[in-house]
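Subject: Structure for you to look through

Dear colleague,

After it come my notes on what was found.

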Amino acid sequence: MEASRKIICRQRQVLFFFLFLGLSQAGTEPRRYSVVEETEGSSIVTNLAKDLDLSQSELSRRGARVISKGNKLHLQFEPKTGYLLLNEKLDREELCGQTEPCVLHFQVLLENPLEFFQAELQVVDINDHAPVFMERDMLLKISESSPPGTAFPLKNAQDMDVGQNNIESYIISPNSYFRVLTHKSSDGRKYPELVLDKALDREEEPELRLTLIAQDGASSPRSGTTQVYIEVMDINDNAPEFEQPFYRVLIPENSPVGSLIVTVSASDLDSGVYGKISYSFFQPSEGISKTLEVNPMTGEIRLRKEVDFETLRSYEVDVKATDGGGLSGKCTLLLQVVDVNDNPPRVAVSALTSPIPENSPEMVVAVFSVSDADSGDNGKTISSIQDDLPFLLKPSVKNFYTLVTKRALDREERAGYNITITVTDLGTPRLTTQHNITVLVSDVNDNAPAFTQTSYTLFVRENNSPALHIGSVSATDADAGANAQVTYSLLPPQDPQLPLASLVSINADNGQLFALRALDYEALQALEFRVGATDRGSPALSSQALVRVLVLDANDNSPFVLYPLQNGSAPCTELVPRAAEPGYLVSKVVAVDGDSGQNAWLSYQLLKATEPGLFGVWAHNGEVRTARLLSERDAAKHRLVVQVRDNGEPPLSASVTLHVLLVDGFSQPYLPLPEAASEPAQADPLTVYLVVALASVSSLFLFSVLAFIAVRLCRRGRAASAGGYPVPEGHFPGHLVDVGGTGTLSQSYQYEVCLMGGSGTSEFKFLKPIISNLPSGSSGREMEENPSFRNSFEI
């Protein structure tokens, strides 16, 4: 109940608003123009720009348009010239019929800002139709007893024109008995009346033939004629008389066909044939003949078709009662149609803006008009839209409404709206019309791309192939179209020394990252940079994400022997006293590996020995020790080949050669080479052997150095021509050895030095390094000796 009261209160508020709007517009005088009918199409009606006091450019900019009631537009506006032109020839009779003046109402609509101007176009009638009688011949039966001055109504002619171009007068052909008078009915039509001037004598002249002329009042009058046949009858001195001269009847529109409207009744004092009455319509129009019918015997008038209040609100016709002697009487029937709420409201959209850009302030989305063909409360309307939409209806002038946005719209929240305009009239029962419009929201670049992660961590194993796909970054954009198309790029690194462009590239379309060249763990263990995602909107928006590339170590560096050196100098010979106990420390092989992790875990193994079983190598620390007591039968010179192997997959290894010399009476494990003695040495066989060996070794060393230099020069020229890796020049640089105890080298070298025993000569073989470029700053690990470690010997 409370809800019903609120609805009624709201309806009254809307009704009062419309009444106030109508009163405010009532004082606004519309602009009036006129044009003569049958004027050629495209003819100029007026200069609209001059009338509105606006320039042609402003009219064009504000989208001036002409709007008229109904679907047919008779006028057009020419924006380039500012003229209001006719669309086609106008026929006043077709547009307005007998209505005078013939006025066509239209409105001029201007946008930005919205403005309306009411206007009227009057179509001026020309004399383009001649009067026409509906019947070519008229027959009148007149009693000879009719006294002079008796009037006989005649059927009038019809002229489609109006005003002075309509029928002005009737003329009868010259005769001795009759003259014609022109009378005007209540509806403005003029009809002729034949007046008897001289008494008739049937015996003298039983019939007359006259010509009736209808003439309009134009300056160049047109006329129409019909023949009037007069038959003189015997005396019938009483004409029928109706009970009342005027009948006024109300009938609701849409009454069914055959409905009884009224029964007219007339009486005649005569008897016999002269007293028998028949009823008929007197000079009915075409519309009356199609709408009404009269029973000639009873006088009942019924509907032949449904009447429509919106088409014609009233009908007027004369009913004639004629007796058997030809005398007649006449009455007038006025039929008024009562309006019924049978027309639903109509919605006509004049302007629609779709799509509308998001984030825009309040703006006009649509302009529409509401009309209802009914009258009174049946023609009053209430308009509304859904409450849950960010739109608002604002009434404008003369049943025009504007649909505006309440607030700025967000396309990401909703990309389109289906708006239902509901119009309800105030009739009983109420009729409702719904009109749906779709408003799309266009995208504005108001969302920056967003990465799926703030940071990405990627892993790549060193020595990768160039252009290797190492991972991807991804960003999304909530916008649409070009505003959502994301382009990826590498941002300049914070460290200007980092050659990021030569290390990594990114696919601008899909965010895939590629390593442009092989990465070396020993040179670069981690790479950190930022990538950007930029959309293609205007202006473009962007965001950033951090990418960390971690290089995984691969076993690509062989162990490098630090001691004993294998660089082509005099071979290292370890002196061992023959009285040494088992486990005597002969020497220690020191090696490092440029890799890290398990790839740098080193193990030592004795590959070759002059006398197997005499020496052994500890696997974890590389210590070379005696395995048993020495005897006189053991050879004085021994050659040991020790292999150093890492724990990578696959494992890499290097070997080193140790020369051991067994001496008597020497108890120190390490003794520098003696200088030339001031006293002459004893010429024992051992001394001679040592001198010969030293000379041979020196000669071989000198030859090896020369051969090494020659080979280096040849290979350098060959590598330069083949585009190979550069080879470092000169001696082994001291800065490549890490003496900080990390157990690694910045570069790896592999040497093989062989000391051959036999006939008292020694032979050295010096090989160049197999890897010339190694990363600097590699980390290693210390080699710790395990006390519980058992000696490992290979026989």
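Predicted model: local features only at pLDDT ≥ 70, side-chain atom pairs only at ≥ 80, totals over all residues.

Side chains of opposite charge can pair when their charged atoms come close. K155 takes part in such a pair, forming a salt bridge with E135 in which the closest N and O atoms are 2.4 Å apart. Because E135 lies in the loop between β8 (132-133) and β9 (137-143), while K155 lies in the loop between β10 (151-153) and β11 (157-158), the pair ties together parts that are 20 residues apart in sequence.

The side chains of K290 and E286 meet with a distance of 3.2 Å from N to O, and both residues belong to helix α5 (residues 286-291), where they are four residues apart, or about one turn of the helix. K290 is partly exposed, at a relative accessible area of 49%, whereas E286 is exposed, at 56%.

The side chains of R411 and D443 also meet in a salt bridge, at 2.9 Å from N to O. This pair links distant parts of the chain, since R411 is in the loop between β31 (400-405) and β32 (416-425) and D443 is in the loop between β33 (432-442) and β34 (450-451), 32 residues apart. R411 is buried, with a relative accessible area of 14%, and together with E412 and D443 it is linked in a network of salt bridges.

Strands and sheets

The strands on either side of that pair bring us to an open sheet of four strands, which has the order β27-β33-β32-β29 and mixed pairing. Its edge strands, each pairing on one side only, are β27 (356-357) and β29 (381-384). Between β32 and β33 the pairing is antiparallel and runs over nine bridges, with I419 standing opposite I437 in β33.

Strand β7 (residues 115-124) is another place to look, because seven of its 10 residues are buried, so that it is largely enclosed by the rest of the structure. Strand β1 (residues 31-36) pairs with β7 in the parallel sense over six bridges, and R32 has E120 in β7 as its bridge partner. Strand β6 (residues 102-110) pairs with β7 in the antiparallel sense over nine bridges, and here F106 has A119 in β7 as its bridge partner. The hairpin of β6 and β7 has four residues between the strands, and in it N112 takes a positive phi near 55 degrees.

The chain as a whole

The chain contains seven helices and 51 strands, and of its 795 residues 41% are buried. If you take the contacts between residues at least 6 apart in sequence, 68% of them join residues at least 24 apart. The accessible surface of the chain comes to about 42500 Å², and 53% of that surface belongs to carbon and sulfur atoms.

With best wishes

How values were computed
Residues numbered from 1 in each chain as written. Heavy atoms only, no water. Salt bridge = Lys/Arg side-chain N within 4 Å of Asp/Glu carboxyl O. Helix = DSSP H or I, 4+ residues; strand = E, 2+ residues; numbered from the N terminus. Buried < 20%, exposed > 50% of the residue type's maximum accessible area, 1.4 Å probe, protein only. Contact = heavy atoms within 4.5 Å. Areas by Shrake-Rupley, 256 points an atom, 1.4 Å probe, with all protein chains shown as cover. Pairing = 2+ DSSP bridges.
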